Amino acid sequence: MFSNWRSQPEGSGHSSSDETRVGDNDQDTQVMEPDQGNVLSHIISQLRPGADLSRVVLPTFILEPRSMLERITNFMCHPEMLLQIPEIDDPVERFVSVVKFYLSGWHIRPPGVKKPLNPILGEIFTCYWELGNNKRAYYISEQTSHHPPKSSYFYMAPDYHIRIDGTLKPRSRFLGNSAASMMEGVAYLSFLNRGKNKAIGEQ
């Protein structure tokens, strides 16, 4: 069902199969050059417990080669688990199916679990999925705040009555001998074929 991924501008396309191949090859380690190790040592020497890592300038070799706006699409990489949910009549089964779809996006991880690039204020990323039978799902995202970083996104599969509106606010802290990453935000999943108000649907 998930046959292709395309985005604007051209050349920034990506597919979930690429992520799968990364995991299959077990390429989760990276050999650093001596000068890269020196850069990391310099950065670590400036960190203090509780420091906000979003304000620390990091060298590109330890960053994931895509921005947070694109990384959010990990949560939509299995549309086959989402598209049939609006047709499920039992509310409990519908809820369980939504949870399964949400958790399906967490299995993707880049090599070395790298931090994605920080989008600049006003940056936009768009793409769409080919769902078969000339049907598509569309995704639009924008960086709506720089400090603190905030990414807003919109996903819609109109032929399946599905709409998602969300805002993601990633936070990270240096804890002394480790780092913590927190993904805060809200997301509203709407089934437009359900609910009393068809303009809003069931959320």
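How many salt bridges does a search of the whole structure find? The search finds three, a salt bridge being a side-chain nitrogen of Lys or Arg within 4 Å of a carboxyl oxygen of Asp or Glu. The model is predicted, so local features need pLDDT of at least 70 and side-chain atom pairs count only at pLDDT 80 or more, while totals for chains, interfaces and linings use all residues. Residues are numbered from 1 along each chain as its sequence is written, and side-chain values use heavy atoms, with hydrogens and water left out.

One of the pairs joins arginine 194 to aspartate 89, with the closest N and O atoms 2.8 Å apart. This pair links distant parts of the chain, 105 residues apart: arginine 194 lies in the segment after strand S8 (179-191), and aspartate 89 in the loop between helix H3 (68-71) and helix H4 (91-104). Helices (H or I, at least four residues) and strands (E, at least two) are DSSP runs, numbered from the N terminus. Arginine 194 is buried, at 17% relative accessibility, whereas aspartate 89 is exposed, at 63%. Here buried means under 20% relative accessible area, exposed over 50%, and partly exposed in between (1.4 Å probe, protein chains only).

Another salt bridge is formed by arginine 136 and glutamate 130, whose closest N and O atoms are 3.4 Å apart. Arginine 136 is partly exposed at 29%, and glutamate 130 is buried at 17%. Arginine 163 pairs with aspartate 165, the closest N and O atoms lying 2.8 Å apart. Arginine 163 is partly exposed, at 33% relative accessibility; aspartate 165 is partly exposed too, at 23%.
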